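I opened this notebook to record what I looked up in the structure, entry by entry. The sequence and the model come first, and my notes follow.

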Amino acid sequence: MMKIAIAGASGRMGRMLIETVLATDDAELVGALDREDSPALGHDAGAFLGRETGVNITADLDVALANAQYLIDFTRPEGTLAHLAAAEKHGVKMIVGTTGFSEADKARLAAGAERVAVVFAPNMSVGVNATFKLLEVAAKILNTGYDIEIIEAHHRHKVDAPSGTALRMGEVVADALGRDLKECAIYGREGVTGERDPSTIGFATVRGGDIVGDHTVLFAGIGERIEITHKSSSRLSYAQGSLRAARFLAQHNTGLFDMQDVLGLR
């Protein structure tokens, strides 16, 4: 039985994670963590489902992690790094789906993974990670004569752009082409931009409504175009992927992994 704590317990993703853990035979909810200003503090983590779990939402990291083997975290970079320090203290493995990390933040995650095992992925969906593999293959085949654009759309509440998933798609494609995304990415166009540089990878961002997450990578050639698209209609796929990552970490005490490792796609 996997003993799991959830960070951001009253948020949209947090609630989906709680619901999924409660519905999973080999998982047990043992901790629910939220911000100190959350109105949900002190309430049962399953209250939104009309269920009593015996686990109350708390802002106390020591309480939330006291009985946990795993912490699943889809919050914000500053919160995740604070949680990482507590996870190191308690020997709790982490599944991190947070996006918007700086390079320094990622280095901190890597350092933490030397003490506790971490799966860190910008998208925990099995389908999205299969898409990453398809993009790697496509980029190697379509390596000349095709302009590459990445279009992503998310709900109005998302605070970072482009999405972590879109950036990872760009990295996969750039790596397959022998490029550095930092040097070839174009994140916006306005005014007289001149002709498109064929070595660049463009990004376009849409924010609106309740879009869970849509991503398309467009390979535009002369006389044809190829589009590889993934669309999420529910956060359930992210939650299910997170539990798959937890099962993977049962075999590891330390180390930094991603969903490609979890799914054996490396």
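I began with Glu136 and Lys140, which both lie in helix 5 (residues 126-141), four residues apart, or about one turn of the helix; helices (H or I, at least four residues) and strands (E, at least two) are DSSP runs, numbered from the N terminus. I work with a predicted model, in which local features need pLDDT of at least 70 and side-chain atom pairs count only at pLDDT 80 or more, while totals for chains, interfaces and linings use all residues. I number residues from 1 along each chain as its sequence is written, and side-chain values use heavy atoms, with hydrogens and water left out.

I then looked up how the two side chains meet, and found a salt bridge between Glu136 and Lys140 at 3.3 Å, N to O; the term stands for a side-chain nitrogen of Lys or Arg within 4 Å of a carboxyl oxygen of Asp or Glu. Searching the whole structure, I find 15 salt bridges.

**The two domains**

I took the domain bounds from an automatic or database domain assignment, which divides the protein chain into domain 1 (1-122 + 233-261) and domain 2 (125-230). To their contact (heavy atoms within 4.5 Å), domain 1 brings 15 residues and domain 2 brings 17 residues. I note 28 Å between the centres of the two domains, taken over C-alpha atoms.

How much area is buried between domain 1 and domain 2? I read about 1,300 Å², with 54% given by carbon and sulfur atoms, where buried area is the accessible area (1.4 Å probe) that two parts lose on being put together, summed over both. On the side of domain 1, Pro122, Tyr238 and Gln260 supply 35% of the area buried against domain 2, more than any other three residues.

I also checked for salt bridges across this interface, and the rule finds zero. Helix 4 (103-112), helix 8 (236-249) and helix 9 (259-262) each supply at least two residues of the side of domain 1 that touches domain 2, and helix 8 gives the most, with three residues.

**A cis bond**

Which peptide bond did I note as cis? The bond joining Ala161 and Pro162 is cis, with omega about -10°, and Pro162 sits in the loop between strand 7 (147-154) and helix 6 (164-177). For context, most peptide bonds are trans.
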